[in-house]
Amino acid sequence: MTLELDFDDQSPQRGTAAGARTRVTAVPEYRDAQGGADAMAWLEAVDGRPAYPRVHIDRSVTITMSDGVRLRATVVRPATRLGKPVRAPFPAVLNINPYNRAVLDGLDNFLHGPGVGRAVRSVTGSMRYDDGPLAGAGRIVRTLGLGLWDVFGINRNLVQSGYAQVLVDVRGTGASHGRWEILSPREQQDSVELIDWIAEQEWCDGAVGMAGWSYSAINAIQAAALDPEPLKAIFAVEGTADVVRDIYITGGMPSSFIPIWLAMVNALKWLPNPATVLGDTLRGDQARWLHDRLASPASEIPSLLWGFLTARDDRIFDAPYFAERAPDLEKITAATFTVGGWHDLFGRSATRVYSQLQMEPGRKQALIADGYHLDPGCDHGGAGQPPRLDVLERAWFDRWLKGIDNGVEDYGPVTMQQQGGGWSCGSSYPRAEVRPRRLFLTEEESGTAPHARHDGRLGTTAASRRRSLRIRPDLRGFVSRDLSQVLAGLPIAFGEKFSTDASFQEAGALSFTSEPVTRPTQLSGPMNLRLNVSTTAHEGIWAVTVNDVAPDGTSTVLTNGALTASNRALDTSRCTYAEGGTLIDAVHFLTRERRLPVPPDEPVRIDVDTVPTDAVLAPGHRLRVDVYAASLPRYLTIVPDLIKARGRRQQLVLDPNKPSYLTFLTDGDLGAEPVPTESQLRPMTAG
């Protein structure tokens, strides 16, 4: 795909024909992410006096699917002071997740229990530690008071404002019957049938929204792509439309997150719901539930393990298993608000979902924070920051389910927390002012990374002579931002080495650093790292990071990527190129059939795609590329590939005839040469 800069065009097409470029000289306009007077009204609507004094919760609802499987649900409705459900129809919001409604009930009691809940939310929401040993832990704990868990579970404030809420255990999990088939077509059909069932209930006025975080956000995106008529809007926090490249097999390598996550969900599905277990036993539902659990005691785990050991399972490759789980984003018509993070498990989808939605900005919105999977919303609610997540969710549904003219469509539409900078609302991603540039990896010392295995330079010209730099795998990835990303952000509680200080991991890196910038310099969009590499074995394993280096030497990872040499084949129909043919964003096939041989001791060229990002280098800061032979446990290697790679010695081959270089988008130059074209990536205006 050839893309170029044209941020006045409102066409839904992502690229334009050669020669159709539009020149823009206006200074891009950015707005305060706090949201102004409109956002103050949204906050008052949530924190002010509710329309209904209480909620009525029915935790024992059974909904039978078209194949006869019974799903279990909780229905929450506005109630009178006596606790009786209000007999009026309301818009309804659906949450579907596999984490067991019993867990959601416990969370609800913790955050809303009499005398305890308000104190918990107040104390945790104010735990703002920007530096020091508590900074990482504070980010995670703050989410308890800043709206994330309301989006995830029972949202009493939302219901008391005049909504019904339905929370459903995914089939085969929680108290629902059946077999868990992760995000399968059958599960997607369940979502559509649930939406239709809700719309027909007397307590629903026919308008349905979907909300959720992580798995339930993916469910919402999948359901919206099937375009059921009652579904009017979704609010999806850290979902994905491409689980293959985001987390399952990034660069052809499985993620350690998946087996940990599968073990957790499979354990939770064996937990009976205390609120309904007695009635379920008397009705015989518990016996059916137990039968289904015994029929599939550890869903997906045996298949994944077999694939890891033998490479004979589709889950190890981009195969039909994943194709049938990938939503067609262009078919979504429901108003869509997505929330992501630059270091989220699903970082690649944080911006790409928005870019592929075929609707006008405002009706689609994206918010991306400088954060992880477990801390969305932690930097909300303050001066210059976006409203809390529960406030944004309420405003979104008020606009698209109730038709209230509250101005939320004028927020954003692209709200970003810039790494090294602050929050802003703009009209596009990448930022309109950036242009493609290129820096070469060279052997000359930069003098900034004496701790690394090799201290090289990012320069304006290719290496002057051929030189091979050897590198071996190590275990330093266990103390790194890579570990924090793959474990959803939990390790950031252990200190800066797991978040903002890459020095420990860099001791095993081939490091290449630019000259310092002399003015604030923005980086926005995807990056591609072209490497010329070789190995003494039949497989090579490569991991990379791109970092911001401060004058005091602190190196902070901005983005990362990885690739096995055998998976280097590019799907050119899905790659992003500048008009002159320069690769901006690589997409690899990652299929069994398109793997390529890796000849021993013969250099091959690989393109490592990185997670799209947005950052600013302050004056005096430098850009750095770190190259590793592995990054465990972020990227795992299947056993057959380990056998091929046994005893390997990997080399980065710096060759003036086959240069290694980083292509990126910036509003500065960093001393870099422009790519050989005047065209540029189209920002995320209308898609």
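**View 1. Arginine 156 and its salt-bridge partner.** Arginine 156 is partly exposed, with a relative accessible area of 22%, where buried means under 20%, exposed over 50% and partly exposed in between (1.4 Å probe, protein chains only). Its salt bridge is with aspartate 108, the closest N and O atoms being 2.8 Å apart; the term stands for a side-chain nitrogen of Lys or Arg within 4 Å of a carboxyl oxygen of Asp or Glu. The pair links distant parts of the chain, 48 residues apart: arginine 156 belongs to helix H6 (residues 156-160) and aspartate 108 to helix H2 (residues 101-112). Aspartate 108 is buried, at a relative accessible area of 4%. Helices (H or I, at least four residues) and strands (E, at least two) are DSSP runs, numbered from the N terminus.

A note before you zoom further: this is a predicted model, in which local features need pLDDT of at least 70 and side-chain atom pairs count only at pLDDT 80 or more, while totals for chains, interfaces and linings use all residues. Residues are numbered from 1 along each chain as its sequence is written, and side-chain values use heavy atoms, with hydrogens and water left out.

**View 2. Arginine 466 meets aspartate 655.** In this salt bridge the closest N and O atoms are 3.5 Å apart. The two residues are 189 residues apart, with arginine 466 in the loop between strand S14 (454-459) and S15, and aspartate 655 in the loop between strand S26 (650-654) and strand S27 (661-666). Arginine 466 counts as partly exposed at 47% relative accessibility, whereas aspartate 655 counts as buried at 11%.

**View 3. Lysine 232 and glutamate 229.** Here the side chains meet in a salt bridge of 3.1 Å, N to O. Lysine 232 is partly exposed, with a relative accessible area of 29%, and glutamate 229 is exposed, at 59%. For context, a search of the whole structure finds 39 salt bridges.

**View 4. Strand S9 and its neighbours.** Seven of the seven residues of strand S9 (residues 335-341) are buried, so the strand is largely enclosed by the rest of the structure. Ala335, Phe337, Val339 and Gly341 lie on one side, and Thr336, Thr338 and Gly340 on the other. Strand S6 (residues 231-237) runs parallel to S9 and is joined to it by five bridges; strands pair if DSSP finds at least two bridges between them. Alanine 233 stands opposite alanine 335 in S9. Six bridges join S9 to strand S10 (residues 364-369), also parallel, and glycine 341 stands opposite alanine 369 in S10.
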